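Please look through the model below, and then follow the account from surface to salt bridges to annotated spans.

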Amino acid sequence: MKKRIITGLALFVAFLVVAVLDIFWLNFLIFAAILVVAVLESLNLYGIKERSLAIIALIFFTIIPFVSGIQDIFKIIILNLVIVASVLAYIKSDNLKFILPFIYPVAPIFMLFGVYQSYGISALFWLIFSVIASDSGAYFVGKFFGKRSFSPSSPNKTLEGVIGGLIIGVAFGVISGLFLMDMAFVIVVLCSLSVVVFGIFGDLFESYLKRLAGVKDSGVILGEQGGILDRMDGYLFGVLAMYMVLI
């Protein structure tokens, strides 16, 4: 547990450093590396051996710096899915699973970068901080007060913990949103609430995938913290909520 906490703090400090520097092309390269690792981890979860899918996702990602914002990135996501589906149909592939990594985690990672590109590093920090606060709140409330299981996909997650995480995540989300973003109070509240709720189910979805695959973590790159997807699951669903509210 001690190593897990230290790793988590180190990751957060690293993000703060990157956020303060806020160098566009450095952030692009970091996102590209995260994308490749996340796709490779998802291939293991989906039972897919074609590692070249990570390269295909990376090629599409290289288009993103040359578009105007998050709405254009959404078009790239659709184009990505259409092209992959068309190729599968053309070669009469026996494995429809090949399209799954492009739905999750590729599309949400593209949207994360789109949020950064359109609204700045502050919006990304707002998203990440809200989910971290929710996860932390759910863990500690669940540890001390949790009694009822929330879902069979994640037996260790309790209903009490989820409610506590929701309240704490929204509270910290609203505070950080008002401080970081120039937006109306109602938009900040709605966005924080949506991000936290979606983030909770993002974590649940990742647990569901791991149970189907019969693995404890999505990867080992972060040591006791698991893989990239283990740490990003809440963000990958939360960004969808942020997109819907802000757009």
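A residue is called buried when its relative accessible area is under 20%, exposed when that value is over 50%, and partly exposed in between, with a 1.4 Å probe and protein chains only. By this scale Leu 26, at a relative accessible area of 32%, is partly exposed. This is a predicted model, in which local features need pLDDT of at least 70 and side-chain atom pairs count only at pLDDT 80 or more, while totals for chains, interfaces and linings use all residues. Residues are numbered from 1 along each chain as its sequence is written, and side-chain values use heavy atoms, with hydrogens and water left out.

Leu 26 lies in helix H2, where helices (H or I, at least four residues) and strands (E, at least two) are DSSP runs numbered from the N terminus. Together with Val 13, Val 17, Leu 21, Ile 23 and Ile 30, Leu 26 makes a nonpolar surface patch of about 470 Å². Patches are made of residues with over 30% relative accessible area and no salt bridge, like charges being joined within 9 Å and nonpolar side chains (Val, Leu, Ile, Met, Phe, Trp, Tyr) within 5 Å; the accessible areas come from the Shrake-Rupley method with a 1.4 Å probe, and for residues only the protein chains shown count as cover. Helix H1 (2-21) and helix H2 (24-46) each supply at least two residues of this patch, the largest share, three residues, coming from H1.

The structure also holds five salt bridges, each defined as a side-chain nitrogen of Lys or Arg within 4 Å of a carboxyl oxygen of Asp or Glu. In one of them, Glu 160 pairs with Arg 148, with the closest N and O atoms 2.9 Å apart. This pair links distant parts of the chain, since Glu 160 is in helix H7 (residues 159-180) and Arg 148 in the loop between helix H6 (121-145) and strand S1 (149-151), twelve residues apart. Glu 160 is buried at 15% relative accessible area, whereas Arg 148 is exposed at 54%.

Asp 203 and Lys 157 form another salt bridge, their closest N and O atoms being 2.6 Å apart. Here Asp 203 in helix H8 (residues 185-213) is linked to Lys 157 in strand S2 (residues 154-158), 46 residues apart. Asp 203 is buried at 18% relative accessibility, and Lys 157 is buried at 16%.

An unreviewed UniProt entry lists residues 76-91 and 98-117 among its "transmembrane region" spans; such annotations may be inferred rather than shown by experiment, with positions in the numbering used here and feature names shortened. In the model, residues 76-91 are 94% helix and 0% strand, with end C-alpha atoms 22 Å apart.
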